[in-house]
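Biologist: I am new to this structure and would like a close look at a single part of it. Please take the sequence and the model together.

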Amino acid sequence: MPTRADVARFTQRHLDAGLDVDPRDHVVSQSCYVTDPDGHTIEVTWACPQERWQWTDEGLPVVVSTPIAVQDLLNEPGASTPAPLPAGTQMGHVQLKATDAALTHTTPFYRDLLGLEIYARLGDGFIGVGVSDYRSLLVLTTRFSPHGGTPAGPDTARLTCVDLLLTNPEAIEQLAERLTAAGHPHQRAGTSLTTNDPSGNPLRFSLHDTAKPASRTDA
């Protein structure tokens, strides 16, 4: 969301509806977490100015998860003015469940095979990956399986696909070559490539339609 007040208004709306909220300070951002009727966690967030960020010894932004007092958030100027989600709201990252303890296989898969940059790390059970500007497009976490686990079975409710859009066919060819060299299963269909990460999350890479305006979430 464009401003901290937008996050505060979102928080107030859920409180007025009698729903639980969980405001958090991540240093790089401030967020409010809510749960939808199907049990999915939704995070609305305001990105803090980079001059307020802190940095780790490995050159990554410091990421924490510290509770914010609800009233402190609601005291934000403009928070009491009712308003729908602002037009500047954008899709942020998607969080995926990792089933390997300490992300032992997940980290090299996303960094070395897919070629994404690691832009956030929290302990040994959380990484954020993306392509530019320290902006994580995907987050991988062992929060739901800290000691390892198994992917969702075919007869359970599960994620069916994560789409990642590339801007040129050479990138897909290069990705196919890396996966082949590593012996990692993948399939080609026209200009698309599909594969599964070490936790079984299905990923589909395809070319961005240049006839449509580019989105900030396009990889």
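This is a predicted model: local features need pLDDT of at least 70, side-chain atom pairs count only at pLDDT 80 or more; totals for chains, interfaces and linings use all residues.

Modeller: The chain has an average pLDDT of 91, and 95% of the residues score at least 70. Strand 5 (residues 94-97) has the lowest confidence, with a mean of 92, while strand 1 (residues 22-25) has the highest, at 97.

The residue after helix 3 is Gly115, and its phi is positive, near 85°. Helix 3 itself covers residues 106-113, and its buried residues are Thr106, Thr107, Phe109, Tyr110 and Leu113.

Leu103 counts as buried because its relative accessibility is 2%, and the cut-off for buried is under 20%.

Gly115 also belongs to the lining of the second largest pocket. That pocket has 13 lining residues, and those nearest its centre are Leu114, Gly115, Leu116, Leu166 and Arg178. Two elements, strand 9 (162-166) and helix 4 (169-182), each give two or more residues to this lining. Helix 4 supplies the largest share, four residues. By type, nine of the lining residues are nonpolar, two are polar and two are charged. The space in this pocket comes to about 180 Å³.

One is Tyr134, in the loop between strand 7 (126-130) and strand 8 (138-141). Tyr134 is not a glycine, and its phi is positive at about 55°. With a relative accessibility of 34%, Tyr134 counts as partly exposed.

The other is Gly190, which sits in the turn of a hairpin and has a positive phi of about 65°. The hairpin is made by strand 10 and strand 11, with two residues between them. Strand 10 (residues 186-189) pairs with strand 11 (residues 192-196) in the antiparallel sense, over four bridges. Within this pairing, Arg188 is opposite Leu193 of strand 11.

One stretch calls for caution. Over residues 213-219 pLDDT stays under 50, and the model has 15 contacts beyond four places in sequence for them.

Key:
Residues are numbered from 1 along each chain as its sequence is written. Side-chain values use heavy atoms; hydrogens and water are left out. Buried means under 20% relative accessible area, exposed over 50%, partly exposed in between (1.4 Å probe, protein chains only). Two strands pair if DSSP finds at least two bridges between them. On a 1 Å grid over the protein atoms alone, a cavity is a set of points where a 1.4 Å probe fits but cannot get out, and a pocket is an open set with protein on both sides within 12 Å along at least five of seven lines; lining residues have an atom within 4 Å of a point. Grid points are joined across faces, edges and corners, and a volume is the space filled by probe spheres set on the points. Ala, Val, Leu, Ile, Met, Phe, Trp, Tyr, Cys and Pro count as nonpolar, Asp, Glu, Lys and Arg as charged, and the others, Gly among them, as polar. pLDDT is the predictor's confidence in each residue, from 0 to 100. Contact means heavy atoms within 4.5 Å.
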